[in-house]
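Here's a quick tour for anyone meeting this chain for the first time. Have a look at the sequence and the structure, then read on.

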Amino acid sequence: MIVNVSEAKTNLSKLIEMAYHGEEVIIAKNNLPLVELVAHKPKEKRKLGLLAGQINIPDDFLDEDEEIISMFYGDSS
């Protein structure tokens, strides 16, 4: 499907949906094809664990700190 820029502006959501579902969508200016609207395909999968071994999380990371608790809630005594 070839559409002019003005029509593409008006119907962008519809055109995106069409391209996402595999239809060929070409945007033209003055009936001269300029760009093709295509669905995005990631180049590669995300790599997990890029910082493995570079960050040290202390064993007591999740332990409660009495000083911080007293700052938030005041003294419980």
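What follows goes from the overall build to a few residues.

This is a predicted model, where local features need pLDDT of at least 70, side-chain atom pairs count only at pLDDT 80 or more, and totals for chains, interfaces and linings use all residues. Residues are numbered from 1 along each chain as its sequence is written, and side-chain values use heavy atoms, with hydrogens and water left out.

Let's start with the fold. The chain has three helices and three strands, taken as DSSP runs numbered from the N terminus, with at least four residues (H or I) for a helix and at least two (E) for a strand. Going along the sequence, the pattern reads β-α-α-β-β-α. The radius of gyration is 27 Å, well over the 11 Å that the globule rule gives for 77 residues, so the chain is more spread out than a compact globule. That radius is taken over C-alpha atoms, and the rule is 2.2 Å times the number of residues to the power 0.38. Along its principal axes, the C-alpha trace spans about 80 × 35 × 20 Å.

Now for the loop between strand E2 (25-29) and strand E3 (32-37), which is where Asn-30 sits. Asn-31 lies in that E2 to E3 loop too. Phi of Asn-30 is near 55°, a positive value in a residue other than glycine, and Asn-31 has a positive phi of about 65° although it isn't a glycine either.

Over to the aromatics: the structure holds one aromatic pair. Phe-72 and Tyr-73 form it, tilted, at 6.4 Å centre to centre with 45° between the planes. Rings of Phe, Tyr and Trp (its six-membered ring) pair if their centres lie within 6.5 Å, and planes under 30 degrees apart count as stacked, over 60 as edge-to-face and the rest as tilted.

Then there's Glu-17, in helix H2 (residues 12-20). Glu-17 and Ala-39 are 22 residues apart in sequence and 9.0 Å apart in space, C-alpha to C-alpha.

Here is how these residues compare in exposure:

| Residue | Relative accessible area | Class |
|---|---|---|
| Glu-17 | 43% | partly exposed |
| Asn-30 | 70% | exposed |
| Asn-31 | 66% | exposed |
| Phe-72 | 67% | exposed |
| Tyr-73 | 69% | exposed |

Key
Buried means under 20% relative accessible area, exposed over 50%, partly exposed in between (1.4 Å probe, protein chains only).
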